[in-house]
Amino acid sequence: MLLPETCSIKVDGVGCNLPPAHVVSIQSRDGSGEYMVAVVCDDHKDGLEKRLQEMQKAGRVPEGRIHFQPVKLVVTDCVAGMEEDYVDIELKRGANSDRKLA
Ligand SMILES: [Zn+2]
């Protein structure tokens, strides 16, 4: 799963154009799974968390802990020069808990 290039938030129907700063996922309470639900910029992080909590109460997204993973933390100094590829690999690994790689 590729990282979207812009924040997932829409304000009055218009999508936010800022690059995402956090990958947002929901971790199930029993630890059996983690669902990536969105990416969000710094400006909309708090608003998205409130919105997700409302959606959890309404049963529209899975119950569980809302988890923000900073995108920038994935890109560490030790992989300088290949940041973009590294981000993709980390996200694929996180999204596929049942890896089928030999
Ligand atoms: Zn945004």
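Start by selecting R60, which you will find in the loop between helix 1 and strand 5 (65–70); helices (H or I, at least four residues) and strands (E, at least two) are DSSP runs, numbered from the N terminus. This is a predicted model, in which local features need pLDDT of at least 70 and side-chain atom pairs count only at pLDDT 80 or more, while totals for chains, interfaces and linings use all residues. Residues are numbered from 1 along each chain as its sequence is written, and side-chain values use heavy atoms, with hydrogens and water left out.

While you are at R60, colour by accessibility: its relative value is 57%, so R60 counts as exposed. The classes here are buried for under 20% relative accessible area, exposed for over 50% and partly exposed in between, using a 1.4 Å probe and protein chains only. Next, show the surroundings of R60: beyond its neighbours within four places in sequence, R60 is in contact with R51 and M55, where contact means heavy atoms within 4.5 Å.

**The whole chain**

Now zoom out and switch to a cartoon. The chain has 102 residues, of which 27% are buried. Among contacts with a separation of 6 or more, 48% join residues 24 or more positions apart.

**The strands**

Select strand 3 (22–27). Five of its six residues are buried, so strand 3 is largely enclosed by the rest of the structure. Strand 3 pairs with strand 4 in the antiparallel sense over six bridges; two strands count as paired if DSSP finds at least two bridges between them. To follow this pairing, pick V23 and look across to its bridge partner V39 in strand 4, then pick Q27, whose partner in strand 4 is E34. The hairpin of strand 3 and strand 4 has six residues between the strands, and there G31 takes a positive phi near 75°.

Strand 3 also pairs with strand 5, in the antiparallel sense and over six bridges. Select S25 and you will find H67 of strand 5 opposite.

**The zinc site**

Which residues hold the zinc ion? Show the ion and its protein donors: C7 (SG), C16 (SG), C41 (SG) and H44 (ND1), at 2.0 to 2.3 Å. Donors are N, O and S atoms within 2.8 Å of the metal (3.2 Å for Na, K and Ca), and because water is not among the atoms, sites may look incomplete. Angles between the four donor atoms run from 103 to 115°, which makes the arrangement tetrahedral; the test for four tetrahedral donors is that all angles lie between 85 and 135 degrees. As a reference, the ideal angle for four tetrahedral donors is 109.5 degrees. Along the sequence, the donor residues follow the spacing C-x8-C-x24-C-x2-H. C16 lies in the loop between strand 2 and strand 3, and H44 in the loop between strand 4 (34–40) and helix 1 (45–57), so this pair ties together parts 28 residues apart in sequence.

Stay with C16 for a moment. Is C16 buried or exposed? With a relative accessible area of 10%, C16 is buried. Leaving aside neighbours within four places in sequence, C16 is in contact with T6, C7, I9, C41 and H44.

**Two exposed loop residues**

Move to D43, in the loop between strand 4 and helix 1. D43 has a relative accessibility of 64%, so it counts as exposed. The C-alpha atoms of D43 and I9 are separated by 10.0 Å, with the two residues 34 apart along the chain.

Then select D12, in the loop between strand 1 (10–11) and strand 2. D12 is exposed at 78% relative accessibility. Check its backbone: phi is near 55°, a positive value in a residue other than glycine. Most residues other than glycine have a negative phi.

**Last stop: a charge and a ring**

Finish at K45 and F68. The charged end of K45 sits over the ring of F68, 4.7 Å from its centre; the criterion is NZ of Lys or CZ of Arg within 6 Å of the ring centre and within 35 degrees of the ring normal.

Conventions
Tetrahedral: all angles 85-135°; square planar, octahedral: opposite > 155°, others 65-115°.
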